[in-house]
Each structure stands twice: as structure tokens, then as C-alpha cells.
Amino acid sequence: MAFFNKFGSLVRQSVSQNGQVPMASMLNSIRCMSSSKLFIGGLAWSTDDQSLKDAFSGFGEVTEARVITDRDTGRSRGFGFVSYESTESASEALSAMDGQELGGRNIRVGYATDKRQPQPYNSNYGGNPDY
């Protein structure tokens with residue numbers, strides 16, 4: 001039900017802004033809302049994979065909980081991801097946990113999106129292509 005409410009509000013917002021619905025934007029929004037993977041931001045430095053899983057397991061079967069760490073220092077980067085078996089569990093967890101306290105900090109919860117691909121470096125930018 002939350003999915004349809006969110007979908008309806010996106011359609012109304014898009015139509016009211018410019019009179020038409022941008023299809024690419026709409027499809028991307030639907031894809032994110034149907035995801036069972038959540039982004040968790042604002043994590044305390046002491047939060048680890050197990051404590052993240054424990055905090056979110058009350059909403060459904062957690063298939064993965066991962067705190068992202070710095071590859072050089074091994075220290076938490078302050079965010080992580082939680083994946084659920086079902087989209088309904090993810091939606092329920094998002095609604096219940098966004099803005100709540102975990103490890104002494106208020107966390108932000110949202111649907112995870114695909115990582116953007118890095119743009120290749122163009123050494124000929126504004127220059128002569130013969131170099």
C-alpha cells in the first residue's frame with residue numbers, strides 16, 4: 001500500500017510541475033521503491049555488521065547487513081546497507097527506522113540506489129586530439 005501511495009504522489013508532483021510525466025524519472029523511482037535493499041546513513045563509528053543486522057531484523061528476514069569501511073584504515077565510513085528477503089519488509093523498516101536512534105546517533109534510512117559509474121578521464125578536454 002505504501003508503494004502505491006508513494007507512486008501516486010510522484011505522479012501528482014510530476015504532472016503539477018510541468019504537465020507531463022517524465023518516463024525515465026518515473027521508472028527510476030519505481031525501481032527504487034520496489035527494492036529490498038536499504039541505505040543506512042549516520043551510523044555511529046561503533047556500529048558493526050552484526051549490530052546493524054540486529055537493529056533491523058525485527059522487520060523481516062535480513063539477508064545481508066553491511067557497514068562500509070575505509071579500505072586503508074578499516075574504520076567505519078558512517079553508512080551501510082541492509083537487504084531484506086521481501087520489499088514489504090524493507091518498506092516497513094524504512095518507515096519505522098528513519099530518524100530513529102541507533103548507537104547514540106539518529107540514522108537516515110532510504111532505498112539504496114545503484115552506484116554511478118565513474119566517468120572516464122578525458123585527457124583531450126579542450127585540447128588538440130593529436131597529442
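**Exercise 1. Classify S89 as buried, partly exposed or exposed, given its relative accessible area of 12%.**

Solution. Residues are numbered from 1 along each chain as its sequence is written, and the model is a predicted one, in which local features need pLDDT of at least 70, side-chain atom pairs count only at pLDDT 80 or more, and totals for chains, interfaces and linings use all residues. Side-chain values use heavy atoms, with hydrogens and water left out.

Step 1. Buried means under 20% relative accessible area, exposed over 50%, and partly exposed in between, with a 1.4 Å probe and protein chains only.
Step 2. At 12%, S89 therefore counts as buried.
Step 3. S89 is found in helix α4; helices (H or I, at least four residues) and strands (E, at least two) are DSSP runs, numbered from the N terminus.
Step 4. Leaving aside residues up to four places away in sequence, S89 touches F59, G60 and Y84, where contact means heavy atoms within 4.5 Å.

**Exercise 2. Describe the order of elements in the protein chain and the share of its residues that is buried.**

Solution.
Step 1. The protein chain holds four helices and six strands.
Step 2. Read from the N terminus, the elements follow the order α-α-β-α-β-β-α-β-β-β.
Step 3. Of its 131 residues, 29% count as buried.
Step 4. Among contacts with a separation of 6 or more, 57% join residues 24 or more positions apart.

**Exercise 3. Which residues of α4 are buried, and what does M97 touch?**

Solution.
Step 1. The buried residues of α4 are S89, A90, S91, A93, L94 and M97.
Step 2. M97 lies in this helix and is counted as buried because its relative accessibility is 10%.
Step 3. Beyond residues up to four places away in sequence, M97 touches A55, F56, F59, I107 and V109.
Step 4. M97 and R108 are eleven residues apart along the chain, with 7.8 Å between their C-alpha atoms.
Step 5. Just after α4, G99 takes a positive phi of about 90°.

**Exercise 4. Which members of the largest nonpolar core touch the most other members?**

Solution.
Step 1. A nonpolar core is a set of buried Ala, Val, Leu, Ile, Met, Phe, Trp, Tyr and Cys residues joined through side-chain atoms within 4.5 Å.
Step 2. The largest such core has 18 residues, of which I40, L52, F56 and Y84 touch the most other members.
Step 3. At least two residues of this core come from each of β1, α3 (49–56), β2 (62–69), β3 and α4 (87–97).
Step 4. α4 supplies the largest share, four residues.
Step 5. With residues up to four places away in sequence not counted, F56 touches I40, V62, V82, Y84, A93, M97, I107 and V109.

**Exercise 5. Characterise the lining of the second largest pocket by residue, element and class.**

Solution.
Step 1. On a 1 Å grid over the protein atoms alone, a pocket is an open set of points where a 1.4 Å probe fits, with protein on both sides within 12 Å along at least five of seven lines; lining residues have an atom within 4 Å of a point.
Step 2. The second largest pocket has a volume of about 240 Å³, a volume being the space filled by probe spheres set on the points, which are joined across faces, edges and corners.
Step 3. Its lining consists of K37, F39, R77, F79, F81, Y111, A112, T113 and K115.
Step 4. The elements giving two or more residues are β1 (37–41) and β3 (76–84); β3 gives the most, with three.
Step 5. The lining has five nonpolar, one polar and three charged residues, with Ala, Val, Leu, Ile, Met, Phe, Trp, Tyr, Cys and Pro taken as nonpolar, Asp, Glu, Lys and Arg as charged, and the others, Gly among them, as polar.

**Exercise 6. Is the aromatic pair of F79 and F81 stacked, tilted or edge-to-face?**

Solution.
Step 1. Rings of Phe, Tyr and Trp (its six-membered ring) pair if their centres lie within 6.5 Å; planes under 30 degrees apart count as stacked, over 60 as edge-to-face and the rest as tilted.
Step 2. The structure holds three aromatic pairs.
Step 3. The pair of F79 and F81 is edge-to-face, at 6.1 Å centre to centre and 90° between the planes.
Step 4. F39, F79 and F81 form one aromatic cluster.
Step 5. F79 has a relative accessible area of 22% and is therefore partly exposed; F81, at 21%, is also partly exposed.
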